[in-house]
Amino acid sequence: MAASDAIAAAAPAPAARAQATAFLATRHRLRPWEALPWLLAIAAFFIFPDRMLFGSQVLVMVLFALSLDLILGFAGIVSLGHAAFFGLGAYTAALITLRLNWQEPISGLFAAAAVAAVAGAASGWLLLRYRGLTLLVLTLATTIMLQEVGNLMRDFTGGYDGLPGLTYTPLLGLFDYDLFGHTYYLYALAVLFVLFLVVRTIVHSPFGQTLAGIRENVARMHAVGSPVHLRLVTVYTISAAIAGVAGALFTQTNTYVTLGVFDFDNSAGVMVMLILGGAGRLYGAFVGAVIYMVLQDNLSKASPQYWQFAVGLMLVLTVLFARRGLLGLLQDAGRLLTSGRKP
Amino acid sequence: MQDIVISILFEGLAYAMILFIVSVGLSITMGLMGFVNLAHGAFAMGGGYLVLTAMNSWGVPFFPALLLTFLVVGAVSVVFERLFYARLYKATELEQVLLTIGLAYMAIATYTYFYGPRPQSIHVPEYLTGQLAVASRTFPTYRVFVIAVGAALIAVLWYGFERTNIGARIRAAVDNRRMAQSIGINVDRLFTLTFAVGSGLAALGGGLAIELFGLTPSFAVIYLVFFLLVVAVGGLGSLKGTLVAAILLGVADTGGKYLYAGAGGFIIYAVAMLILLIRPAGLYGRE
């Protein structure tokens, strides 16, 4: 608990110390508004019953953005290749179904998580000692290399044509899949909920505090004796596993996968979602992914160029005017209202 | 066998010159300010389209079109630098990455809107097409031309970098920005200047590349990966490093495509990653 000690030690007055202790003791507690996203997700199920396939895609992207939040928002690792783990998960789910005839979906998620975690641990151990441009280039190159490997082994992976027509056994042996994706939606929502609780627990744990310490000041974390590299590799592995699950869900709800999942646009897209919503605040992934996906759905219909231009514009505006994302803006607005006239 | 080796070296060198011309500005500006500029490929792409429009629509000959694209894109880049980049010098790397990806996406969308997504081509002058006979072998004339332009630019850049006052100031600022500022070097001004020259060179490289690779709006992102590899492998802010890395990666990529047709795309990444794992600051970079 190095971080909390540091905060407590930095607060001289007893009142400030009590305030800091109270903050640390209560900040992990669930607040009433935290039910809101889940209530909205369930409401969406009843309001848009014919858009549930799209809804499942949104939930998949929320999960993917959440996994990125763990490394980018909380540990401060800037990667341009997070799609690598999403893609590995997506292909694991597809390949065990097609090549091994394993059609049970939930165990498919576990397999995807395992493969992505192994890749995350290996690449994290190798790459996370670097930073800056070197890390950006290495993560980017890893993802492109995976795509090239997939293309090279196209007899096995289907290459850029992809692997269509995947089928799965009914969920838990009970619920079959309907054309409108109702089962998929509830399935994705359940998986998202479980993994969200995992991520939420992690970021509020002492381990999560260490990550924040590394993000804010690596030199100091080294100085207090924190095993920085090990901590980073650990969170990278967890994040990779969750991204792998997101990829597997993507495959299962689409019943289709192509090498496009490894595209730079996928890595960049998930980053845009997270930044748009607000990184390092858990719910940013929800807000960002929903807005991104809904905009994409509407603008792409008009023209792909409009959509691409809009993504670029959103990025530029977010960086210039809302560095803490939409949730950050909301928070500022809320503070402005509660504190009265403060500018 | 000997034939293949010569072909690989020759084509690899031509490719390397394009990589060098486009990447050198990126390397110097990153070395100066540590600014991660993922929109650099967009300047190369924009430069390519300016050459295309100048030649196909306005009837400007090839060489004036290249000069025009260098000047215009260099000048336009200053506007971008002042409007967007200057606000983020002190920002985090993540914010720089996001801003410049955003700019690149907007550029790609804009150019796709006006020029369409399909590859476009130009007609280079007659005397640059065909084959050039050298000692019982023939070489594609255009590639010889690209290598010659590259060599000339290397000479000019080397002179400017190593022998002029401005070059000395740039080197000083790359070495130690604070110290350079404290002895009165205006690093911001220097950055704007190198940014303009670097973007102009990127545009020139984009123009030269049309005949070799064709031109599509996605050039801005697809080739960006190679430019970043060159800069990272060479080491930030190093002219020599950028040149060595460009030649190494250009030849490795060409060799890979010649010798292992299927796995060709793979090799440039493998080589680059191997070098970076051993020397994270690049071949001539400093930690």
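Analyst: Helices and strands here are DSSP runs, a helix having at least four residues and a strand at least two, numbered from the N terminus. With that numbering, Leu282(A) sits in the loop between helix 13 and helix 14 (284–302) of chain A. The model is a predicted one.

User: How do you know whether Leu282(A) is buried or exposed?

Analyst: A residue is buried if 20 or more other C-beta atoms lie within 10 Å of its own. Leu282(A) has 22 other C-beta atoms within 10 Å, so Leu282(A) is buried. Its phi is positive, about 60°, although Leu282(A) is not a glycine.

User: Why is Thr255(A) called partly exposed?

Analyst: The class lies between the limits for exposed, 12 or fewer other C-beta atoms within 10 Å, and buried, 20 or more. Thr255(A) has 16 other C-beta atoms within 10 Å and is therefore partly exposed.

User: What makes helix 12 of chain A largely enclosed?

Analyst: Of its 27 residues, 22 are buried, so helix 12 of chain A is largely enclosed by the rest of the structure. This helix covers residues 228–254.

User: How does the span of helix 12 of chain A compare with the expected value?

Analyst: The expected span is 1.5 Å times one less than the number of residues. For the 27 residues of helix 12 of chain A the expected value is 39 Å, and the helix reaches 39 Å from its first C-alpha to its last. Helix 13 of chain A, with 14 residues, reaches 20 Å, close to the 20 Å expected.

User: How do you know that helix 13 of chain A is largely enclosed?

Analyst: In helix 13 of chain A, 12 of the 14 residues are buried, so this helix is largely enclosed by the rest of the structure. Among the buried residues are Asn266(A), Ser267(A), Val270(A) and Gly277(A). Just after the helix comes Gly278(A), with a positive phi of about 125°.

User: Why are helix 13 of chain A and helix 15 of chain A called oblique to each other?

Analyst: Angles under 35 degrees count as roughly parallel and those from 65 to 115 as roughly perpendicular, while 145 is the limit above which they are roughly antiparallel; the rest are oblique. The two axes come within 10 Å and cross at roughly 40°. Helix 13 of chain A and helix 15 of chain A are therefore oblique. The crossing is left-handed. On the side of helix 13 of chain A the contact is made by Val272(A), Ile275(A) and Leu276(A); helix 15 of chain A supplies Val311(A), Met314(A), Leu315(A) and Thr318(A). By class this contact has six nonpolar, one polar and no charged residues.

User: What makes helix 2 of chain B oblique to helix 3 of chain B?

Analyst: Helix 2 (residues 40–56) of chain B and helix 3 (residues 62–83) of chain B pack at about 140°, with their axes 9 Å apart. Only angles over 145 degrees count as roughly antiparallel. Helix 2 of chain B is therefore oblique to helix 3 of chain B. Their crossing is right-handed. Residues that meet include Phe43(B) and Leu50(B) in helix 2 of chain B, and Phe62(B) and Val72(B) in helix 3 of chain B. The contact divides into 11 nonpolar, four polar and no charged residues.

User: Why does Ile21(B) count as buried?

Analyst: The cut-off is 20 or more other C-beta atoms within 10 Å. Ile21(B) has 27 such neighbours and so counts as buried. Ile21(B) belongs to helix 1 (residues 2–33) of chain B. Leu243(B) is 222 residues away from Ile21(B) in sequence and 9.0 Å away in space, C-alpha to C-alpha.

User: How do you know that chain A and chain B touch?

Analyst: Residues are in contact if their C-beta atoms, placed from the backbone, lie within 7 Å. By that rule, 29 residues of chain A are in contact with 35 residues of chain B. Helix 7 of chain A gives the most to the side of chain A that touches chain B, with 12 residues. That side divides into 22 nonpolar, five polar and two charged residues.

Conventions
Residues are numbered from 1 along each chain as its sequence is written. Chains are lettered from A and ligands numbered from 1 in the order in which they are written. This is a predicted model: local features need pLDDT of at least 70, side-chain atom pairs count only at pLDDT 80 or more; totals for chains, interfaces and linings use all residues. Two residues are in contact if their C-beta atoms, placed from the backbone, lie within 7 Å. Ala, Val, Leu, Ile, Met, Phe, Trp, Tyr, Cys and Pro count as nonpolar, Asp, Glu, Lys and Arg as charged, and the others, Gly among them, as polar. Axes are lines fitted to C-alpha atoms, for helices over the stretch in contact, and angles run from 0 to 180 degrees between N-to-C directions. A crossing is left-handed if the near helix is turned anticlockwise from the far one by less than a right angle, and right-handed if clockwise.
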